[in-house]
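Please report on how the two chains of this model are built and how they meet. Start with the interface, then take the chains in turn.

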Amino acid sequence: MRDSGCGLGAVGSGMNDSEVQDSEFRQHDSISRLPHPFNFDRRGFFKVLGGGLLVCIAARHAISQESGAAVHHDHEFPKTLDSWLHISENGEVTAFTGKVEVGQNVRTSLAQQVAEELRVPLTSVRLIMGDTELTPYDMGTFGSRTTPQMGMQLRKVSASARAVLIQMTAERWAADSASLTAEDGKVRNPKANRSITYAELVHGQKLSKVIADDPELIPAKDWKIAGSSAPKTNARDFVTGAHQYTSDIRLPGMLHGKIVRPNAFHAKLISCDTSQAEKIPGVSVVRDGDFIGVSAADVLTADRAAQAIRAQWDAPPQISDRELFDHLRKPASDKDDDTEQYVLGSVEQSRTQAAKTLKQSYTVAYIAHTPLEPRAAVAEWKDGKLTVWTGTQRPFAVSEELAQAFHLPSENVRVIVPDTGSAYGGKHTGEAAVEAARLAKASGKPVKLIWSREEEFTWAYFRPAGVIDVSSGAKADGSLVFWEFDNYNSGPAAMRTPYEVANQRITFHPSDAPLRQGSYRSLAAAANHFARESHMDELAHELRIDPLEFRVKNLKDDRLRAVFQAASEKFRWGKHKNSIGTGFGIAGGFEKGGYIATCAEVSVEHGGVKVVRVIQAFDCGAVVNPQGLENQIAGAIMQGLGGALFEAIRFENGRIVNPHLAEYRVPRFSDLPHIEVVLVDRKDQRSMGAGETPLTGIAPAVANAIFGAAGVRLRSMPLVPSGLPGHAA
Amino acid sequence: MAFILLVNGTEQHADVEPEKPLLYVLRDDLELTGTKYGCGEGQCGACTVLVDGIPERSCRLPVSSMMGKKITTIEGLSRGDRLHPVQQAFLDIEAFQCAYCTPGMIVSAAALLERTPNPSEEQIVSHMEGNICRCGAYARIIEAVRRAAATLGSPKNA
């Protein structure tokens, strides 16, 4: 069992950076892998060991891992400026980061931070991202870490570089560096009215100086480039169709791949007849263990060849979605006890002090990320070296996966991530990369593999389903007495309560998951917020106290109180009362450095639920790019609405029942409510990530509003997959 | 089998099987990769192209049905460096995040404005319902369509 430690009172600062990182990593890296136990000839392995070195592979890890176990502690950021920053002879600034762009717009916001600290125009900065050969090691783009971690790192790099440039100028002019300033890509001596460009100073040479530990950073209140809206980098390429996603890449002689999938999860291959496929001209067939795949010069031929393969599979009986929640309550059979618990005071001894007690259970279904660009990879082997372009959030982990699968030293694998057609936590693993590389190895030609939508719905991983039991008690005046919270399977993220409760026991219980599960935008924070904020609402109604008043009464955290106030004022909370058919709900919380409060108005008519209006306030410290942030928050609300209202993966005996967009409903235009985002810009606070937490408020706010409109308390996400229970929608 | 297709105003030759979906002919044979694969089921709209001005899902259209029809893809909307007003409005409003759905959205919206120059919000929603933006930028997309309608309707553009 892992103790979540103390310090809950300071929810906002309880864990230090490295603890947050560890906890994030455990949750993000626990995704099981599809089995790719290749058996091909290994003799080449030793031949290439010790082969040519590549640039910038600082502290790359060559040890093979099991199921992606954490090796991140061995990777430290490179210490010198040249690993991160280059200033060309014409003054163009290139920054290098292992983070990737998947629609969260960090290519822009990181460039803004570089431009700000280096004091150069934003247009002169470009970023090289997610290329294992060119960028410093990075654990992955997840956990809302890009802004607080990489943003800060690039700020320090750029501020150090600025100081170095000023120092170089001081030496060149024999001047006091304190008399010099940096702006617009130049170092200036304002008094002597003299200036020199960075380009002239650096002359295209490497900046080999060490990054200062504590360089003088420009405070957010003085920001000129960061802190203001900046248009998305390369935005024009996205409206013209010119941007090349992984699935758009084309290499000379490239083939298209197709994988023959098992007929159920955990199936073993009994027999396989590939003879008909092999007769099709130009088709390369691979059978390696249970892996079967084909490649051909065009998609149609590859599809046809895959269909011509006769494979027989044997799958064990598996549970179905009807049995899911009973199953999740059973303890995990795994020897590793990943139970996580936080205890304060005594729930048992305080029960009698409560005037009102309440005990309820909440459930969340499995849901799919459904990135519009499915998993895709283009793999090319050249002189024993493997290069793979793929849309992943973890290029370095995928590179290690490839090195392991093909018994290569890590220097001989390069993974490049083109800006990708979304991920939402769903692209941490390298299945498509490994599969494309296996096909390319067999055919001797580059291979592109794009998963079909059905493969994406079946063979990717899901947001964990979960059961959450909450038991609570409060005094008649509304102050909380005890809080007991048991989360089965969905995950520990944000399971602690931000409310002041003297007696708490909060526990995460791992289960034997029936489906392959893993990260999803905000991890379990969406489920835990749903359970907690629904339960708070129920308790408020039991106590006959206004749900907002009840929350604020039990809150000390100023920043959380501030977002509740900001959202409720804009929403005009309390101005309109619940009536038959119209309801208002509120919810809020804290996670990953972000404070959120969400108000929702719903209308219920003939059993149909329509979310009419959503106001969400969000505080993630000093805002780097207001327009980008607003876009993220509004999008998170919209995506969160899917899981809140209707998204659910249905499964039966090892098969997904609804692996198509016609059967798995995601939010569309007609689901769009009127959304207003209130940005609480705290220039006095560190900038934190915003990709995830804005998704956590919508489900409970809507559930609470439905209760207001219809008097029906819904405790299962999705809330209304086929309309309000008991009504024909 | 050899097909002559009229794509973005020029004749293109493709030697492909008749049942090959237009989507793959565009992407793999004609190297017009702006049109995206999203589902292959006609459910997401990422592969939307105009066929004689009508928005169609190119993943569901066998190339053999395209003879003699005018096909317009995202690459065919701009005139040289000058973006189509819908593209310009998407750019100005930043009506995207990962932008994978964007070409399909723009092509659908351009078709709407061709026939309904001044659409109401309900008309936009109903016309665009078949296009999915998984990042959820719907509000901005509606705003962009409105902006484009205003641009197209202004005397400057007449």
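How many residues does the contact take from chain B, and how many from chain A? In this predicted model, chain B gives 43 residues and chain A gives 46. On the side of chain B that touches chain A, five helices supply at least two residues each: helix 1 (22-29), helix 2 (85-93), helix 3 (102-115), helix 4 (121-128) and helix 5 (138-153). That side of chain B divides by class into 23 nonpolar, 10 polar and 10 charged residues.

**The two chains**

Some totals for each chain are set out below.

In chain A, 79% of the contacts with a separation of 6 or more join residues 24 or more positions apart. In chain B, among contacts between residues at least 6 apart in sequence, 61% join residues at least 24 apart.

**Chain B**

Read from the N terminus, the elements of chain B follow the order β-β-α-β-β-β-α-α-α-α. Along the principal axes, the C-alpha atoms of chain B fill a box of roughly 45 × 35 × 25 Å. Why does a radius of gyration of 15 Å for chain B agree with a compact globule? Because a compact globule with 158 residues would have a radius of gyration near 15 Å, the 15 Å of chain B agrees.

Chain B is divided into domain 1 (2-76) and domain 2 (85-157). The C-alpha centres of these two domains of chain B lie 21 Å apart. Their contact takes 14 residues from domain 1 of chain B and 12 residues from domain 2 of chain B. On the domain 1 side, the elements of chain B that give two or more residues are strand 3 (48-51) and strand 4 (54-57). Strand 3 of chain B has the largest share of that side, with 3 residues. By class, the side of domain 1 of chain B that touches domain 2 of chain B has 8 nonpolar, 5 polar and 1 charged.

**Chain A: domains**

Chain A is assigned three domains: domain 1 (61-226), domain 2 (247-315 + 375-450) and domain 3 (330-366 + 462-717). Domain 1 of chain A and domain 3 of chain A have C-alpha centres 38 Å apart. Contact between them involves 17 residues of domain 1 of chain A and 17 residues of domain 3 of chain A. Helix 3 (106-118) and helix 4 (146-173) of chain A are the elements that give two or more residues to the domain 1 side. The classes on that side of domain 1 of chain A are 4 nonpolar, 11 polar and 2 charged residues.

**Chain A: two hairpins**

Strand 5 (residues 181-183) and strand 6 (residues 186-189) of chain A run antiparallel, joined by 3 bridges. Glu183(A) has Lys186(A) in strand 6 of chain A as its bridge partner. These two strands of chain A form a hairpin with 2 residues between them. In its turn, Asp184(A) has a positive phi of about 50°.

Strand 6 of chain A also pairs with strand 7 (residues 194-197) of chain A, in the antiparallel sense and over 4 bridges. Here the bridge partner of Val187(A) is Ile196(A) in strand 7 of chain A. The hairpin of strand 6 and strand 7 of chain A has 4 residues between the strands, and Asn193(A) takes a positive phi near 50°.

**The nonpolar core**

Which residues have the most contacts inside the largest nonpolar core? They are Val388(A), Leu402(A), Ala433(A), Ala436(A), Val563(A), Val702(A) and Ile706(A), in a core of 258 residues. Helix 18 (residues 698-710) of chain A gives the most to this core, with 10 residues.

Val388(A) shows how such a residue is surrounded. Leaving aside its neighbours within four places in sequence, Val388(A) is in contact with Ala377(A), Val378(A), Ala379(A), Leu402(A), Val415(A), Ala433(A), Ala436(A) and Ala437(A).

Technical notes:
Residues are numbered from 1 along each chain as its sequence is written. Chains are lettered from A and ligands numbered from 1 in the order in which they are written. This is a predicted model: local features need pLDDT of at least 70, side-chain atom pairs count only at pLDDT 80 or more; totals for chains, interfaces and linings use all residues. Domain bounds come from an automatic or database domain assignment. Two residues are in contact if their C-beta atoms, placed from the backbone, lie within 7 Å. Ala, Val, Leu, Ile, Met, Phe, Trp, Tyr, Cys and Pro count as nonpolar, Asp, Glu, Lys and Arg as charged, and the others, Gly among them, as polar. The radius of gyration is taken over C-alpha atoms; the globule rule is 2.2 Å times the number of residues to the power 0.38. A nonpolar core is a set of buried Ala, Val, Leu, Ile, Met, Phe, Trp, Tyr and Cys residues joined through C-beta atoms within 7 Å. A residue is buried if 20 or more other C-beta atoms lie within 10 Å of its own, exposed if 12 or fewer, and partly exposed in between; C-beta atoms are placed from the backbone. Two strands pair if DSSP finds at least two bridges between them.
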